[in-house]
Amino acid sequence: MSYRRTLKQPVGCTGIGLHSGKPVRLRLTPAPAGHGIRFLRADVGVEIPANLGHLSRQDHATTLSRDGVSVDTVEHLLSALFALGVDDVLVEVDGPEIPILDGSSAPFVILIHEAGLRPHHVGRQHLKVLKPVEVVRGGKWARLVPAEHFEISYDIGFDHPLLRHQAASLRITPRVFAEGVAPARTFGFLREVETLRRHGLALGGSLENAIVIGESGVLNTKLRFEDEFVRHKILDAIGDLALLGHPLVGRLEASKAGHALHAAVAQKLLATDDAWALVADPGASRLEPGLPHLRPAEA
Ligand SMILES: [Zn+2]
């Protein structure tokens with residue numbers, strides 16, 4: 001049996017919003033058992049629960065909304081909270097988006113470690129996948145299938161010599177996440193960055209917070225992992241699956257997917273009554289964290 005967890009103490013930081021280019025203050029505050037992960041737009045006094053019911057956009061980032069008020073780019077923070085097992089927390093922001101920081105979840109992992117974790121005296125319910133569900137759109141798909149642990153197998157392919165194909169399969173534990181997933185940064189193609197800017201998006205985007213891929217290769221940085229791109233897709237998927245509202249026991253298999261497909265397969269799972277169950281003890285919590293690159297077949 002594992003227990004719901006919150007933070008030991010409040011913690012915060014300031015950074016630039018990716019789309020607005022403006023500074024945003026972020027504060028994570030401990031919350032009571034059952035509170036879940038909630039965003040508070042401190043500037044307008046609206047609280048938005050992090051669940052699929054409040055999902056409003058999933059194109060370049062994941063946006064949550066309530067009563068016409070939204071918080072954009074929530075996925076990198078949600079990914080860190082979900083993977084490190086923070087069930088109950090209030091996330092206060094004084095603007096419409098979460099700061100982009102270095103384009104990865106690593107700064108959020110540092111913040112959460114700085115705050116520390118505190119268990120509640122309330123057992124945690126896990127969402128266990130019992131039957132496969134799948135969403136296919138064109139050549140892209142995402143599937144949730146039964147597994148003993150929380151695992152993700154992902155592959156990507158782009159019409160670019162550097163990124164024809166990349167694949168990774170990981171069992172997601174706090175350690176695997178902190179070491180092998182959280183540091184992987186957002187990436188974009190130079191040609192797309194120019195289009196986004198023309199549409200008034202990515203104004204806070206810079207060579208500091210994304211890997212930019214030009215015609216001949218990566219323009220601005222040394223990669224943190226040889227397969228940093230697919231690791232970032234896994235990071236994004238974890239953040240989107242956090243909207244299920246419970247730790248997941250099952251495997252996401254995804255090919256060339258993105259935020260919209262991650263959310264669609266999660267929604268389909270919840271809408272399929274016999275495909276999932278809430279369980280108190282899936283066994284997963286008793287096992288030691290795995291290693292990066294551990295494939296499900298060897299787990
Ligand atoms: Zn991302």
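Colleague: Where is Lys 256 found?

Modeller: Keep in mind that this is a predicted model. Lys 256 isn't a glycine, yet it has a positive phi of about 50°. As for its place, look between β19 (248-255) and α6: Lys 256 is found in the loop there.

Colleague: And is Lys 256 buried, partly exposed or exposed?

Modeller: Buried would need under 20% relative accessible area, and exposed over 50%. Lys 256 comes out at 38% relative accessibility, so it counts as partly exposed.

Colleague: Leu 101 has a positive phi too, of about 50°. What is its relative accessible area?

Modeller: Leu 101 isn't a glycine either, and its place is in the loop between β9 (89-93) and α2 (106-115). Leu 101 is partly exposed, with a relative accessible area of 25%.

Colleague: Let's go to helix α5, where Glu 228 sits. Is Glu 228 buried or exposed?

Modeller: Leaving out residues up to four places away in sequence, Glu 228 touches Gln 166, Pro 183, Ala 184, Arg 185, Ile 211 and Leu 223. Its relative accessibility is 0%, and anything under 20% counts that way, so Glu 228 is buried.

Colleague: How far is the backbone nitrogen of Arg 224 from a polar atom of the side chain of Glu 228?

Modeller: A polar contact needs a pair of N or O atoms within 3.5 Å. For the backbone nitrogen of Arg 224 and a polar atom of the Glu 228 side chain, the distance is 2.6 Å.

Colleague: Now the largest pocket. Which element gives the most to its lining?

Modeller: The largest pocket holds about 980 Å³ of space. It is lined by 40 residues, and the closest to its centre are Asp 59, His 60, Thr 186, Phe 187 and Glu 192. Elements that give two or more residues to the lining are α1 (75-83), β16 (187-189), α4 (190-198), α5 (228-241) and α6 (259-271). With 5 residues, the one that gives the most is α4.

Colleague: How many residues of that lining are charged?

Modeller: The lining of the largest pocket divides into 17 nonpolar and 15 polar residues, plus the charged ones. The charged count is 8.

Methods: Residues are numbered from 1 along each chain as its sequence is written. This is a predicted model: local features need pLDDT of at least 70, side-chain atom pairs count only at pLDDT 80 or more; totals for chains, interfaces and linings use all residues. Side-chain values use heavy atoms; hydrogens and water are left out. On a 1 Å grid over the protein atoms alone, a cavity is a set of points where a 1.4 Å probe fits but cannot get out, and a pocket is an open set with protein on both sides within 12 Å along at least five of seven lines; lining residues have an atom within 4 Å of a point. Grid points are joined across faces, edges and corners, and a volume is the space filled by probe spheres set on the points. Helices (H or I, at least four residues) and strands (E, at least two) are DSSP runs, numbered from the N terminus. Ala, Val, Leu, Ile, Met, Phe, Trp, Tyr, Cys and Pro count as nonpolar, Asp, Glu, Lys and Arg as charged, and the others, Gly among them, as polar. Buried means under 20% relative accessible area, exposed over 50%, partly exposed in between (1.4 Å probe, protein chains only). A polar contact is a pair of N or O atoms within 3.5 Å; within protein, one must be able to donate a hydrogen and the other to accept it, and residues adjacent in sequence count only if both atoms are side-chain atoms. Contact means heavy atoms within 4.5 Å.
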